[in-house]
Amino acid sequence: MSEIGIGIVGGGYMGKAHSVAMAAVGAVFDTGLRPRLEMIAASSEDSAERYRRSFGFRRGTGDWRQLVDDPDVQAIVIATPQALHRDITEAAFARGKPVMCEKPMGASLADSEAMVAAAEASGAANMVAYNYIRTPASQFARDLIADGEIGTVTWFRGEHTEDFYADPSAPASWRTSGEANGTMGDLAPHMINAALALIGPVTSLIAEVETVHSERPGGKVDNDDQAQIMCRFANGAMGQMHFSRIATGRKMGYAYEVHGTRGAIRFDQEDQNALWLYRADGPEAERGFRKILTGPEHPDYLPFCQGPGHGTGYQDQIIIEARDFLRAIETGESVWPTFRDGLAVNRVVHAAMTSSRGKCWQDVPTDPSN
Ligand code: NAI
C-alpha cells in the first residue's frame, strides 16, 4: 500500500463530492493506493482556504497552476466549470500527471479532441467522471444486457430531467451561458454515456433544443433549457432521449427503459437502489416487472454495506469512481470511461446541436479505435 498526493481543482458541488470520496475510498475498497488530500485550488485564496479547512487538505491555492506544478500533487481531479477543463488538463498531462475530469470534458468538441490528444500523448491515466452509470443497479443492468438476458435489444428510452431552473426567477450563472453549459451540453451527456454503455454506439440522430426562459435575474440566457434526441444505434436498436433543467417536479430524473426480444429493464435514479426486470417467460398471467432491490450480490455494493436493500447513495458513486481512477493509476490499465470514451459522448452532443440548427438527421462519426 502506498500514498498518492491528490490535488482537486474546484471546491463547489463536485469538488466537495470528490474530496469526500478521496478521503473515504481507501477504507471502503481497501485500495492499493491511499489518497492523501494534498492541495485544493479554487478561484480565490480565500475560498481555497475555506475548502482546505472543511475538507481536510494540507494546502490550498487560488492558482490552479501552482497545484498542477506541485511535486507532491501526483494525481489531479478537475471539478471546475467546463471552460477551464482543457487548460488544466493540458498542463497536467504535460507534467505526466493522471487526470480525472468532470463531465462533459471540454467546452467544445475541439477542446475535447485536444484533451484526448494530450492524454494519449502523455500516457498518463485519464478518466471522465460519469458517476451515475456506476450505481450497483446500473452496473447490474449493463451486465444483464451484455449477457443477453433480455435478448436482442430493440429499443432504448432515456431521460435526464431536473427542475433546478424551473423557476424563471432563479438567477443566471455559469450554467446559463455557453453551449457546453446548457441542457444538451451539460445534463444530456450523463444519459448519452448511459446509452452508449448499455446499448452501444449511436450512428445517426435528429434532435431539437429549446430555451424557454431567455432572461433571468443577472443576465440573458444563451443556452438551452430542454432538449430531445431520436436516434439509431449501431446494433440496429431505436432510441429516444429527452433532457431538461426545467422539468418541474423532477429532482434527479436520470431514468431509462430498455426493451429486448426476451425481456426489459427499467431504472430511475430517484429510486436508485432498485432495478426493474421483466422476463418474457413463465405463464402470461404471472408476468410483470419485478422490483429487484440492490444488495451484496450486485456490483460494488458489498464494500459499502452487508445488508441487502439497505442501499447506497450519490456519494457512493463518486467513491466507486475514485476507486476506478486509483486503479487506472496503479495498474497502468485504462479504466472506462477514458477521455476517448468521453469524446464519443461529445460527438453525439455535437451532432445533436448540428441537427437542431439544421432541423435534419445527422450521422454521428464513430471512432475506429473504440
Ligand atoms: P460549482 O459552481 O459548484 O463549483 C465550481 C468550482 O470551480 C468552485 O469551487 C470555484 O471556486 C472553482 N473555480 C472556478 N474558477 C476557477 C479557477 N479559475 N481556478 C480554480 N477554481 C475555479 O460547480 P459544480 O456544480 O461543482 O460543477 C463543476 C463541474 O462538475 C462542471 O464541469 C459540471 O458540469 C460538473 N458536474 C458534475 C456533476 C456530476 O454528477 N457528475 C454534477 C454537477 C456538476
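Helices (H or I, at least four residues) and strands (E, at least two) are taken here as DSSP runs, numbered from the N terminus. The model is a predicted one, in which local features need pLDDT of at least 70 and side-chain atom pairs count only at pLDDT 80 or more, whereas totals for chains, interfaces and linings use all residues. Residues are numbered from 1 along each chain as its sequence is written, and side-chain values use heavy atoms, with hydrogens and water left out.

Grid points are joined across faces, edges and corners, and a volume is the space filled by probe spheres set on the points. The largest pocket holds about 660 Å³ of space. Its lining comprises 33 residues, of which Tyr13, Met14, Ala79, Trp174 and Arg175 are the closest to its centre. Two or more residues of this lining come from each of helix H1 (13-29), helix H2 (45-55) and helix H7 (183-198), and H7 contributes the most, with 3 residues. With Ala, Val, Leu, Ile, Met, Phe, Trp, Tyr, Cys and Pro counted as nonpolar, Asp, Glu, Lys and Arg as charged, and the others, Gly among them, as polar, the lining of the largest pocket divides into 16 nonpolar, 12 polar and 5 charged residues. At least three lining residues are drawn from each of domain 1 (2-131) and domain 2 (133-336 + 345-358), the bounds of which come from an automatic or database domain assignment.

The count of cavities of 30 Å³ or more comes to 1, and the largest cavity has a volume of about 30 Å³. Phe164, Arg175, Asn181, Gly182, Thr183, Asp186, Leu187 and Arg245 form the lining of this cavity, which by class has 2 nonpolar, 3 polar and 3 charged residues.

Burial is expressed through relative accessible area, with buried meaning under 20%, exposed over 50% and partly exposed in between (1.4 Å probe, protein chains only). The buried residues of H1 include Met14, Gly15, Ala17, His18 and Phe29. For H7, the 16 residues should span 22 Å, and the end C-alpha atoms lie 21 Å apart, which agrees. A kink of about 50° in H7 is centred on Pro189. Because 16 of the 16 residues of H7 are buried, the helix is largely enclosed by the rest of the structure. Just after H7, Gly200 adopts a positive phi of about 120°.

Asp30, in the loop between H1 and strand S2 (33-41), has a positive phi of about 50° and counts as exposed at 57% relative accessibility. Lys359, in the loop between H9 and strand S17 (362-363), has a positive phi of about 55° and counts as exposed at 66% relative accessibility.

Two further residues were examined. Thr89 lies in helix H4 (residues 85-94) and is buried, with a relative accessible area of 0%; its C-alpha atom is separated by 34 Å from that of Asn273, which is 184 residues apart from Thr89 along the chain. Phe289, found in the loop between strand S15 (274-279) and strand S16 (290-293), is partly exposed, with a relative accessible area of 29%. Phe289 and Leu277 are 12 residues apart in sequence, and their C-alpha atoms are 5.2 Å apart in space.

How values were computed: 1 Å grid on protein atoms, 1.4 Å probe; cavity = no way out; pocket = protein on both sides within 12 Å on 5 of 7 lines; lining within 4 Å. Expected span 1.5 Å × (residues − 1). Bend = angle between axes of the 7 residues up to and from the residue.
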